[in-house]
Amino acid sequence: GKSGAYYVPSSWGRGGKGVWKDDAPFYLYVQDPSDARVVMTLMDEEITGEDEIVGSAVKKLKALIPDVGTGGEEILRRAKKRAL
């Protein structure tokens with residue numbers, strides 16, 4: 001897409017982070033969040049020809065969002081508690 005994404009390297013040679021400032025949020029609806037998996041694929045956009053896959057990863061949704069299996073009300077309660 002045309003998000004204006006950029007990479008911020010870490011000062012110690014580890015980590016770093018990708019930043020996508022202008023991307024709109026998206027919503028993911030799943031039947032069983034405690035067992036769902038998320039597949040992420042990183043693409044290199046090519047001006048000529050097809051885009052190339054740089055890499056892929058699979059993670060359990062619960063590993064990315066630990067509270068996912070506790071139910072919506074509990075997640076909301078914890079989020080409110082952190083905000084206050």
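Let me start with the nonpolar surface patch, which is made by F26, L28 and V30 and comes to about 330 Å²; patches here take residues with over 30% relative accessible area and no salt bridge, joining nonpolar side chains (Val, Leu, Ile, Met, Phe, Trp, Tyr) within 5 Å and like charges within 9 Å. A salt bridge would be a side-chain nitrogen of Lys or Arg within 4 Å of a carboxyl oxygen of Asp or Glu, and accessible areas come from the Shrake-Rupley method with a 1.4 Å probe, with only the protein chains shown counting as cover for residues.

This is a predicted model, in which local features need pLDDT of at least 70 and side-chain atom pairs pLDDT 80 or more, while totals for chains, interfaces and linings use all residues. Residues are numbered from 1 along each chain as its sequence is written, and side-chain values use heavy atoms, without hydrogens and water.

F26 sits in the loop between β2 (17-19) and β3, and F26 counts as exposed because its relative accessible area is 69%, where exposed means over 50%, buried under 20% and partly exposed in between.

There is also a negative surface patch, formed by D44, E50, D51 and E52, with Asp and Glu counted as negative and each charge placed at CG of Asp or CD of Glu. D44 belongs to strand β3 (residues 37-44), and D44 is partly exposed because its relative accessibility is 34%.

For the chain, the pattern along the sequence is β-β-β-β-α-α, from DSSP runs of at least four residues for helices (H or I) and at least two for strands (E). Of its 84 residues, 8% count as buried.

Terms used: Buried means under 20% relative accessible area, exposed over 50%, partly exposed in between (1.4 Å probe, protein chains only).
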